[in-house]
Each structure stands twice: as C-alpha cells, then as structure tokens.
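Open the model in your viewer and keep the sequence beside it. This tour goes from one selection to the next.

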Amino acid sequence: MKGPFDSDAFERAVALVIRRHEAFQTSFFWAEGGTGTPNQGVSYSPVIELEKRQISSEDEAAEELQRLGDHEYDLENGGAMLMKLLSLSDNVHYFLFGCHHIALGTYKSLRCPIPFYDTNLTHFD
C-alpha cells in the first residue's frame, strides 16, 4: 500500500474483523485423542492477531512473503491463518495474509471489509 496510511486504524479494523468472523477463531482437532474423526471448534476469542513490524527493504518484504508461503500451519492450536503488516516507511506498507486451505473451507473467495487500495494479493496453500 502506498500513500498516507494509519497503521493503528488498520490494526483496529483487522482486530474487529477477527473478532466478528468465526473463521479467525477456529481450530481443527482429532476426536478421541487423535484416533477419531477430524473436528473443528470455535473458541469465540481471537486465536490470531496482526503481526506488525518495520522492515528495511522491499527484498525483506519478498523474503517474508516467501516464508509465509512455506509456513506450516498449526491447525490444532488455532494457527490456520497469519496476518502481517510490514512497514517500509510512513508511506509504504505490505499487508500479507496466509492461511491453510482448510481454514477457508469451500469459500471461492474471501470477502473482507478492509480497503486494500492498490494491493496485489498472492495466495499460498
């Protein structure tokens, strides 16, 4: 995202989306001690949060995107999604969203009320 940007307001908006949507509060587990049927449960408290950090170059943003693509998600402990806001300067920010495919179920697309301005999103399973 390029241009004036209020990262604190963005963080509050993301937190609100996380609190309002069960997909961001869901964990997946095996019934009967790991030998039974796979299940999902909703905790009704956020299990993910927006990670914010300063970066020093566009290459660092690209490296973080690659790490996100390679990430192994911890489905049993609510770690099916990750969100990161990387700030290169006051006017250049990267919002990265990654998730395990099971987290979105049968959704064909993710509708999110946060405006993404002029942002390209990349999907990784």
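A polar contact here is a pair of N or O atoms within 3.5 Å; within protein, one must be able to donate a hydrogen and the other to accept it. Keep in mind that this is a predicted model.

**Stop 1: histidine 93.** Select histidine 93, in strand E5, which covers residues 92-99. Is histidine 93 buried or exposed? Its relative accessible area is 4%. Buried means under 20%, so histidine 93 is buried. Now show its polar contacts. The side chain of histidine 93 reaches the backbone oxygen of aspartate 90 at 3.2 Å. Another contact, of 2.8 Å, joins the side chains of histidine 93 and serine 87. Next, show what surrounds this residue. Leaving out residues up to four places away in sequence, histidine 93 touches Met1, Phe5, Leu85, Leu86 and Ser87.

**Stop 2: the rings.** Stay with Phe5, one of the residues that histidine 93 touches. How many aromatic pairs are there? The count is two. Phenylalanine 5 pairs with phenylalanine 10: the ring centres are 5.4 Å apart and the planes are at 50 degrees, so this pair is tilted. Phenylalanine 10 and phenylalanine 95 form an edge-to-face pair, with 5.1 Å from centre to centre and 75 degrees between the planes. Phenylalanine 10 sits in helix H1 and phenylalanine 95 in strand E5, so the pair ties together parts that are 85 residues apart in sequence. Select the three rings together: ring pairs link Phe5, Phe10 and Phe95 into a cluster. Colour them by accessibility. Phenylalanine 5 is buried at 18%, phenylalanine 10 at 5% and phenylalanine 95 at 8%.

**Stop 3: helix H1.** Select residues 7-20, which make up H1. H1 has 14 residues. From first C-alpha to last, H1 reaches 20 Å, close to the 20 Å expected at 1.5 Å a residue. Highlight Phe10, Val14, Val17 and Ile18, which are buried in H1. Turn the view to look down the axis. The buried residues of H1 fall within an arc of 100 degrees, so they line one face of the helix. What do they pack against? Show strand E3 (50-54), strand E4 (81-89) and E5: the buried residues of H1 pack against these strands. On the other side of H1, pick out Arg12 and Arg20, which are exposed.

**Last stop: the cap.** Go to the N-terminal end of H1, which aspartate 6 caps. Here, a side-chain oxygen of aspartate 6 lies 3.2 Å from the backbone nitrogen of aspartate 8.

How values were computed: Residues numbered from 1 in each chain as written. Predicted model: local features only at pLDDT ≥ 70, side-chain atom pairs only at ≥ 80, totals over all residues. Heavy atoms only, no water. Helix = DSSP H or I, 4+ residues; strand = E, 2+ residues; numbered from the N terminus. Buried < 20%, exposed > 50% of the residue type's maximum accessible area, 1.4 Å probe, protein only. Contact = heavy atoms within 4.5 Å. Phe/Tyr/Trp six-rings, centres within 6.5 Å; stacked < 30°, edge-to-face > 60°. Expected span 1.5 Å × (residues − 1). Arc of directions from axis to C-beta.
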